[in-house]
Amino acid sequence: MEMLTSLSFLDKGEEWPPHSQTERLKKYADNRKRFKNKLGFDRKKYNHIISLVGNKFRVIDYKFLVNFYKKVSLKTSDLLFVEPPTISAGDDETKNTVIEQIKDLSDLDNIGAQAAIDASRYGDALLTIRIPSADDEETQAQAYIGITSPLFWFPVTSPMNLKEITQHVIAWTSTETIIENGKEKEVTYLDYQIHYKGHYERGRKYVEKGTIGDAIFVGQPVEVEDEEGVIGKQVPELERV
């Protein structure tokens, strides 16, 4: 798989999703189907396994082979989160109170278990710390932790060091029906966020027949520095533009 080394894949005229990411996204999609028992029965692989281990007593069957993927993922999650892990700031009661608030607000034990499943079935899991709107009375503008599907994740690496991620792009498409010249028309949008260390940018563009079109909105950088000057630790909520 070719790595993304610049943000040019978001430019007008580029293919969406990026061709270089097709293999990775297909792997995620196939593994999701395996997890849900929707990939289908591979007779060739079945016969190959039988030829290696034998099936004298017919103990290997189709359902066992397919469900094995889900079983491993669920057991991995159970081993890590069947008993909630302890998260503590030591003797700092103020910080411990904040930690408990975030855990309760986020349902963190369940989020952690879901992340463990994603890491097992996809090979990648994406946790995000999101900050609700300040006028959100329900959450009272407290930070909380969420989980995002790696299907929406496009890491951009340095061309000098492919292990160094310079930006994390979260991007997804949506479709709606609009009225144009008195007729209904289906329009597809590409919403994206570009996360740097300390700030993020977001925008929206048209997508038509798998090709990125004109920009509808390109946002200004949003700083996410905390009170202690630590940047790049908080990722704002995924919002539709």
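Student: Which residues of helix α5 are buried in this model?

Tutor: The model is predicted, and burial here means under 20% relative accessible area. Helix α5 covers residues 108-121. The buried ones are Leu 108, Ile 111, Gly 112, Ala 113, Ala 115, Ala 116, Ile 117, Asp 118 and Arg 121.

Student: What distance does α5 reach from its first C-alpha to its last?

Tutor: Helix α5 has 14 residues. At 1.5 Å a residue the expected span is 20 Å, and the model comes close to that. The reach is 20 Å.

Student: Which residue takes a positive phi just after α5?

Tutor: The phi in question is about 95°. The residue that takes this value, just after α5, is Gly 123.

Student: Which element gives the largest share of the largest nonpolar core?

Tutor: That core has 20 residues, and those with the most contacts inside it include Phe 9, Trp 16 and Leu 190. Two or more residues come from each of α1 (22-35), β3 (153-158), β4 (161-180) and β5 (183-195). The largest share is four residues, and it comes from β4.

Student: Which residues does Trp 16 touch, leaving out those up to four places away in sequence?

Tutor: Trp 16 is among the residues with the most contacts inside the largest core. Neighbours up to four places away in sequence are not counted. The residues touched are Phe 9, Leu 10, Phe 154, Ala 171, Thr 173, Leu 190, Gly 210 and Ile 212.

Student: What is the omega of the peptide bond between Trp 16 and Pro 17?

Tutor: Pro 17 is in the segment before α1. The bond joining Trp 16 to Pro 17 is cis. Omega is about -5°.

Student: How many residues apart in sequence are the parts tied together by the pair Lys 12 and Asp 214?

Tutor: The two form a salt bridge, with the closest N and O atoms 2.6 Å apart. Lys 12 is exposed at 59% relative accessible area, and Asp 214 is partly exposed at 43%. Because Lys 12 lies in the segment before α1 and Asp 214 in strand β7 (residues 211-218), the pair ties together parts whose separation in sequence is 202 residues.

Student: Why are Asp 30 and Lys 26 separated by about one helical turn?

Tutor: Asp 30 and Lys 26 form a salt bridge, the closest N and O atoms being 2.7 Å apart. Asp 30 counts as buried at 16% relative accessibility. The separation is about one turn because both sit in helix α1, and their spacing there is four residues.

Student: What accessible area do Tyr 206, Ile 216 and Phe 217 have together?

Tutor: Tyr 206 is in strand β6 and is partly exposed at 39% relative accessibility. With Ile 216 and Phe 217, Tyr 206 forms a nonpolar patch on the surface. Together they have about 260 Å².

Methods
Residues are numbered from 1 along each chain as its sequence is written. This is a predicted model: local features need pLDDT of at least 70, side-chain atom pairs count only at pLDDT 80 or more; totals for chains, interfaces and linings use all residues. Side-chain values use heavy atoms; hydrogens and water are left out. A nonpolar core is a set of buried Ala, Val, Leu, Ile, Met, Phe, Trp, Tyr and Cys residues joined through side-chain atoms within 4.5 Å. Buried means under 20% relative accessible area, exposed over 50%, partly exposed in between (1.4 Å probe, protein chains only). Contact means heavy atoms within 4.5 Å. The expected span of a helix is 1.5 Å times one less than its number of residues. A salt bridge is a side-chain nitrogen of Lys or Arg within 4 Å of a carboxyl oxygen of Asp or Glu. Patches are made of residues with over 30% relative accessible area and no salt bridge: like charges are joined within 9 Å, nonpolar side chains (Val, Leu, Ile, Met, Phe, Trp, Tyr) within 5 Å. Accessible areas come from the Shrake-Rupley method with a 1.4 Å probe; for residues, only the protein chains shown count as cover.
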